[in-house]
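Reader: I would like to learn how to read a few features of a protein model. Please take them one at a time.

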Amino acid sequence: MDWGGLKVGVSVRIQRSDGRIHAAIVSGLNDEQESVTVEWFERGETKGKEIEVENIFALNAALKPATQVTPPEVQAPTARPSRPSMAVQQGRSITPRDQESRNSLRRSSAKPVPTAKSRPTIVPPAQNGDAPPVAPAAPVEAAKKQSIPASRRRSNCVKEVERLKQDREERRKRMEDEKKRRQNDPDYEPGNPNWEFLQMIRAFRGNLDIKTITNADPIEDHQICVCVRKRPLNKKELAKKEVDVITTPDKHNTVVHECKLKVDLTKYLENHTFRFDYSFDDTVTNETVYRYTAKPLVETIFERGMATCFAYGQTGSGKTHTMGGDFRGKDQDTSKGIYALAARDVFKLLNSAAYKNQDLIIGCSFFEIYGGKVFDLQNKKHKLRVLEDGKQQVQVVGLTEKHVTCVDDVLKLITEGNRTRTSGQTSANQHSSRSHAVFQIILRKRATRKLFGKFSLIDLAGNERGADTISSDRQTRMEGAEINKSLLALKECIRALGRPNSVHTPFRASKLTQVLRDSFIGERSKTCMIAMISPGSSSCEHTLNTLRYADRVKELGPGDPGAPGPSQLSAIPENSRNNSLSPQNSDLQLLATQNEGEVSFELLHFHEALQELQEMEEQVVEDHRSAVQEMEEMVIVERGLLEMTDEVDYDVEAYSSTLSELLDKKIQKWTELKQKLDSFRIKMKEEEIASKNIKRPPL
């Protein structure tokens, strides 16, 4: 385009929308839009707008290109007026004066416009008194009007509206084509928003040769056995049209199909593959799971060993179903859980010829760990204390151990314990277990009652509750913190079990590992972990977290060539600990050192504050209980003093001195308790501040 005299920096005159005309500076030329950007200074600030080039040239004629400059007009010679005469037109008479006015009007409207290639046309004088002929319009003016494109007469706003309209029509056409394609697809499911993901997963499974585990497969011997079990989709997940994102192609591998969206909203799958000792799909029964997981451990306890079996996973993933048995409404059929199946095999081996002469008896205990506290499920949830004796053996003081003689006795204990266990309702499960439940089958010598072997079966709390350490509710924080600590400590204790030469086992880091300390020591100890996962797409994040935890436990097991040796672990030896730290806090620091990516400094500080708070709470409660007992004894003495005053000649001196001593003891006892209570309240505030400083982990 020929911009003529227009260029950046030139001063031009512009007309505002309110009609004002003032000067402005050209700041930009737009060839595509054929417009000019101008700026000016007004009321202390710089303003600007975009104006079409035609409007600029209309007010700035000197800046037009040379082809658009209009030369000065050439006046046509005026014809000499003739003698007035009469004329008749359409039956009406015209006077000479009217004829002269009409000729003058025609001459003024017929001014020729010369161009560079044509010379001005001279109109000849009129003859016989007629009006002179009108000169033809210049062809340049008509060409100019025809050469202006329509786009130059439209504003940028109109063009943008038209573009948006075109995009909208194209998008609607694509959506209509996509709708027709879906309707023509034989696998299309109306009303299912996840049908495309379902198609991708079906296509993935179609390329696999799926061979699930059966009872004919051999049983492998592992000191640490890690397996995964997938449950079926429940009614809520089916009602929400959720997709089954778990595939078990064989007895070792598990694939998680994570549903994702690209930036342009294109759907795709990200497949995560995990390998374990055993992988169970949603068709296997509890008997099959037991056959490959807990059953090989039963014989261990008859060889003076310690065995543990954990059920780990998200709330509602089937842990209690696997360990305790099938649920029928609120009632549980305990005869089909791993608890009962293990008890059957224990009694079977006890009465076998190989162990019948050992003179062993069987006892069972059932307790739960909730918020760092231990409660006896066989004694109305009586609170228990966990202490270490002089031989550094962990003792659960007051734990009930009942002698059993048959499987029915075991089932009765399990049923009563499950009814007493702490549970709550969540969005995932109406009967969500909020505590770690530990059921122990104990073998002892009949004569000496000495421990011979022990099988601990643990139903862990939901692993997603470990993230509740930032809650505003103190009880929820303590519950989540204990789960968090116990899972980390459990992982490190299993590491130590896989490495007999490890320097230190951080069993004091949580109540769970402290109670199960004897199960992680010795070559005869064996452990099995069953990772329970939910197949629904809404639980994909928790499922991946569960599998990553289980995968890390297994990769550190014995016989794994990729596992680091004991020298690579940053452990804290017993003799090199800081004496200012309690054993619990030193084990917490060890956990933080070995899990730097999972335990931040703020989280470690929160766990330490919570540990001190729990220890001080136990001390305050114990001192309060002791004070109440002493007060009861003093009340008996005080009643004796009052009875003494009823006598006629009682010893006033003895009465006053005895009462004074009692009051001094009371004041001293309550003052000491008040001081401890004030310190406890300060620790509560410190714990609350530490919980607020915890940063949420990145997603």
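Reader: Is K380 buried or exposed?

Author: First, the source: this is a predicted model, where local features need pLDDT of at least 70, side-chain atom pairs count only at pLDDT 80 or more, and totals for chains, interfaces and linings use all residues. Residues are numbered from 1 along each chain as its sequence is written, and side-chain values use heavy atoms, with hydrogens and water left out. Buried means under 20% relative accessible area, exposed over 50%, and partly exposed in between (1.4 Å probe, protein chains only). K380 counts as exposed, at 78% relative accessibility.

Reader: Where does K380 lie, and what is its phi?

Author: Most residues other than glycine have a negative phi. K380 is not a glycine, yet its phi is positive, about 55 degrees. It lies in the loop between β16 (373–376) and β17 (382–388). Helices (H or I, at least four residues) and strands (E, at least two) are DSSP runs, numbered from the N terminus.

Reader: What is the phi of R304?

Author: The phi of R304 is near 60 degrees, again a positive value in a residue other than glycine. R304 is in the loop between α8 (295–301) and β12 (306–313), and is partly exposed, with a relative accessible area of 48%.

Reader: How many residues of α10 are buried?

Author: In α10, 10 of the 13 residues are buried, so the helix is mostly covered. Among them are I338, Y339 and F347. Helix α10 covers residues 338–350 and reaches 18 Å from first C-alpha to last, close to the 18 Å expected at 1.5 Å a residue; the expected span is 1.5 Å times one less than the number of residues.
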